[in-house]
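Colleague: I would like to understand the words used for this model, and not only to repeat them. Could you take me through them slowly, setting each value beside its definition?

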Amino acid sequence: FRYSKRRLEPPPAELAARIVRRTEGMFAVGLVEEVEGLMARFPAATTAFQAIGYKEVRAALLGEVPLADAPEAVTRATLRYARRQRTW
């Protein structure tokens with residue numbers, strides 16, 4: 001059998017722009033409020049709050065970092081994750 005492999009990989013600048021837009025969208029539709037609600041309902045759920053986005057917003061809500069810095073932290077974490085995926 002013959003086969004060919006294809007890989008879909010956008011240019012790094014395009015991927016970074018898409019990640020920034022996605023992060024902005026997450027905050028626009030209520031990521032902070034979602035995390036607040038989850039923290040109130042499940043205060044001991046430490047594993048669930050390790051996901052990208054939730055971790056950074058939770059740290060801000062706990063006063064560990066300013067809330068204004070959370071979107072940039074989410075973007076940085078997502079970019080690092082995307083780089084690890086490309087490397088793998």
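**Contacts, burial and helix packing**

Modeller: Let us start with valine 57, which touches Phe27, Leu31, Val32, Val35 and Ala70 when residues up to four places away in sequence are not counted; contact here means heavy atoms within 4.5 Å. Please keep in mind that this is a predicted model, in which local features need pLDDT of at least 70, side-chain atom pairs count only at pLDDT 80 or more, and totals for chains, interfaces and linings use all residues. Residues are numbered from 1 along each chain as its sequence is written, and side-chain values use heavy atoms, with hydrogens and water left out.

Colleague: Which residues make up the largest nonpolar core?

Modeller: That core has 11 residues in all, namely Met26, Phe27, Leu31, Val32, Val35, Met39, Phe49, Val57, Ala60, Ala70 and Val74. The term stands for a set of buried Ala, Val, Leu, Ile, Met, Phe, Trp, Tyr and Cys residues joined through side-chain atoms within 4.5 Å. Two or more residues come from each of α1, α2 (31-41), α3 (54-61) and α4, and α2 gives the most, with 4 residues. In soluble globular proteins, nonpolar side chains tend to be buried together.

Colleague: What makes alanine 59 count as buried?

Modeller: Its relative accessibility is 16%, and buried means under 20% relative accessible area, exposed over 50% and partly exposed in between, with a 1.4 Å probe and protein chains only, so alanine 59 counts as buried. This residue has its place in helix α3 and, apart from its neighbours within four places in sequence, is in contact with Glu64 and Val65. Alanine 59 lies 12 residues from proline 71 in sequence, and their C-alpha atoms are 12 Å apart in space.

Colleague: Is arginine 6 buried or exposed, and how do you know?

Modeller: Arginine 6 has a relative accessible area of 74%, which is over the limit for exposed, and therefore it is exposed. It belongs to the segment before α1, and it is 13 residues from isoleucine 19 in sequence and 23 Å from it in space, C-alpha to C-alpha.

Colleague: Why is α1 called oblique to α4?

Modeller: Helix α1 (residues 12-28) and helix α4 (residues 70-87) pack at an angle of about 140°, with their axes 9 Å apart. Angles under 35 degrees count as roughly parallel, over 145 as roughly antiparallel, 65 to 115 as roughly perpendicular and the rest as oblique, and that makes α1 oblique to α4. Such angles run from 0 to 180 degrees between N-to-C directions, and the axes are lines fitted to C-alpha atoms, for helices over the stretch in contact. The helices themselves are DSSP runs (H or I, at least four residues; strands are E, at least two), numbered from the N terminus.

Colleague: Where does threonine 75 lie, and what is it in contact with?

Modeller: Threonine 75 lies in helix α4 and, leaving aside neighbours within four places in sequence, is in contact with Ile19, Val20 and Thr23. Its relative accessibility is 13%, and so threonine 75 counts as buried. The C-alpha atoms of threonine 75 and glutamate 24 are separated by 8.9 Å, although the two residues are 51 residues apart along the chain.

Colleague: What makes α2 roughly perpendicular to α3?

Modeller: These two helices pack at an angle of about 75°, with their axes 10 Å apart, and since this angle falls within the perpendicular range, α2 is roughly perpendicular to α3. Leu31, Val32, Glu34, Val35, Glu36, Leu38 and Met39 in α2 meet Tyr54, Val57, Arg58 and Leu61 in α3.
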